[in-house]
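Please open the structure in your viewer and keep the selection tool at hand.

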Amino acid sequence: MSPKRTISEMPAPFRRRVGSPVLWGFVQAFLAAGFYFSLGLVADRAHGWTWAVYLAAALFFALTALSYVEGASLHQERGGATIIARYAFNELWSFVAGWAILLDYLLLIALTALAITNYLGALWQPLGQGITGFAFSVAVIVAVAAINLRGLDPRRIERFFFFALADLGVQVVLLVIGLIVLFDPDVLRAPSSVAGSVSFRDLLFAFTFAVVAFTALDASSGLAGQVAVGRAGLKRLLAARFLSLMVAYVGLAIIAASVPAGAAGLKDAPVIGVIDQIHQAGLRDVLRWAVGISASLVLFTACIGSMLGLSRLGYSLAVNRQIPSAIGRLHPTYRTPVVIIVVGAVLSIALVIPGDPKFLGAIYAFGATLAFALVHLSVLNLRRREPDRDRPFRVPFNVRVGGVSVPIPAVLGAIVSIGAFASVLALHSSARIVGPSWLLFGIVLYVTYRTGSEKPLTRRLTVPEDSLTRTEVRGAEYGSILVPVFGSPLDDDIMQTAGRLAAEDRPDEEEEGASIEAIWVFEVPMALPLDGRLGEGELKRARAALARAKAVGEEYEGVTVSPFTVRARSAGAAIVREARRRGVEAIVMPAEEPSLVRGGVLLGGKEGLRGTFVGDTTRYVVTKAPCRVILTAPPDPNGRRSRHAERPGAPPPAGDPTRPMRRAADRLRRRGHGTHVPVPSADGNEAPGKPLA
């Protein structure tokens, strides 16, 4: 029987895609869980203004969700904020974002485990007290670690939707009953008159707790490559997220603000504490059990999702050489990141020991606000760096500033995130100590690891995923490869060449597998604006070619293909610019299609270019590229096999149609570039070749 794999570790061709309902349930479980344990922390400081604090948090969530969706749809790789920051800035900032979110996942596991104990303890008191409560929280974390270790396949992820939907139904029922029984209109007209006045400092303090569980955005964006949602579906998903969020974050918060401050149970199991203010005993008991069970299930679901997010993110950091590869080691049977899961469970148990949600929530806010600030700033920078890239989703409400389309929601989100981050440092002593210490430790680890292995700090480097199951890790020749795709039959051979190079091992060296960046260049004539509307046929052709390239490239073990598009006046200039910007170590591309000229001899380039061996695009890339260029020649259209292929080193026969390409190989080799010339076989197909040194 083949071992189960999590959706993060399945080879790309076998990953099952999930739809928008599953993604909604995944996020809703996180948000509902966050409300269940943060309500008491917020109400303790905001009192009658609790609903206003949650309303502000909901608006901030909407701003952040917009930036996450644009960033995740732009570069559809697992990793969430790390991917968005990687393409917007560099690998170091990508690590900072990932390291901050990693801390939040650990805290969220601990917070949800504590909250489950508190809610079940409200139903059976001994369970939520002393050593029994601590032991139960530890048991929850161990169970969650075991579930993730054995693997969470997509079918189990789909159950998140049903748990979240059922819990939303319970919340709606509680909201309706609360509006009838507990609602005080003065909480909207004059909040300070209900439970006393509060200072602006108290409101800021409470707001930092209200963003707990917003890591759901990062966890869901990490599924970007496996979510089957179209452009219209993304908009509907965002609307559904916001509406369901308003039920708890505004509706139930209004009910909570209407009850007396300091009500019994409001701090440990806050929603149960609100229900306890209902005087009708029968109704109160039914709601206590309904909410206690529903909250516990959703909290357990969020705990599982947090461990899944932790393992996926930690694994992504290991694959991209941002933390030691040994930490991302996969279980030999279940193919899950066993080291990350075990270490995460141990650290989460250590965080449960203080048993103080306020302490954990403050540290959580440090990581969340830092990561969200980086996401907003990344989206703004990507608008400048990749203005012509096709975006399945764009943040609305844009203004033109210096020729760049600037999204106003991302600007507002960045301002709020930076302000909230500063507030966390100013108001929470625990976050002021633990947060920077965690960040400093991570940066030292990253710099030491990279410099110790003589790797650059800002360039992306990857290891093949299958290498993380081996005892020893060995190296491949390239860290990253850029492959221009043109929609021609030769694309398959180019991707196969790049795939072989990406997956190829070198003995006695540290492994450093490669990722492939597949680029499609929309060449826009000078007579047309660079940001003008592209034809639907051209867009479909590009998408089909990139999808085909991704499928072919990812047939090779451990290879990840990241497709993207750019607009430019010149394809050659665009290829060189992207190679330099992305820091790739090689470019694999075809020589331009040869043209038939006098005497039946094939020459590279366009008709009329008699003195060249390749066309304009190839010549420009070969001349200007900042890295090695590997060319792939077209097959022999006459199906003849060259004697040059049979006797390596022998000169090609007279009249050999591949002579120009072989001359190109010699010239490029003398210039220090590598070349790859597939040799036509007897049946006219291309036989696999090797790069010529």
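The stops below concern a surface patch, aromatic rings and paired strands.

This is a predicted model, in which local features need pLDDT of at least 70, side-chain atom pairs count only at pLDDT 80 or more, and totals for chains, interfaces and linings use all residues. Residues are numbered from 1 along each chain as its sequence is written, and side-chain values use heavy atoms, with hydrogens and water left out.

**Stop 1: the surface patch**

Select Phe 397, Val 399, Val 401, Ile 408, Val 411, Leu 412 and Ile 415, which form a nonpolar patch on the surface with about 620 Å² of accessible area together. Such areas come from the Shrake-Rupley method with a 1.4 Å probe, and for residues only the protein chains shown count as cover. A patch is made of residues with over 30% relative accessible area and no salt bridge; like charges are joined within 9 Å, and nonpolar side chains (Val, Leu, Ile, Met, Phe, Trp, Tyr) within 5 Å. A salt bridge is a side-chain nitrogen of Lys or Arg within 4 Å of a carboxyl oxygen of Asp or Glu.

Which element gives the most to the nonpolar patch? The answer is α16, with four residues. Helices (H or I, at least four residues) and strands (E, at least two) are DSSP runs, numbered from the N terminus. Next, pick Val 399, found in strand β1. Val 399 counts as partly exposed because its relative accessibility is 36%; buried means under 20%, exposed over 50%, and partly exposed in between (1.4 Å probe, protein chains only).

**Stop 2: the aromatic rings**

A search of the whole structure finds 18 aromatic pairs. Rings of Phe, Tyr and Trp (its six-membered ring) pair if their centres lie within 6.5 Å; planes under 30 degrees apart count as stacked, over 60 as edge-to-face and the rest as tilted. Select Phe 214 and Tyr 249, a stacked pair with 6.1 Å centre to centre and 25 degrees between the planes. Phe 214 lies in the loop between α9 and α10, and Tyr 249 in helix α11, 35 residues apart. Phe 214 counts as buried, at 0% relative accessibility, as does Tyr 249, at 1%.

**Stop 3: the paired strands**

Select strand β4 (residues 515–523), which is largely enclosed by the rest of the structure because eight of its nine residues are buried. Strands pair if DSSP finds at least two bridges between them. Five bridges join β4 to strand β3 (residues 480–484), and the two run parallel; here Leu 482 stands opposite Glu 517. Strand β5 (residues 560–568) also pairs with β4 in the parallel sense, over nine bridges.
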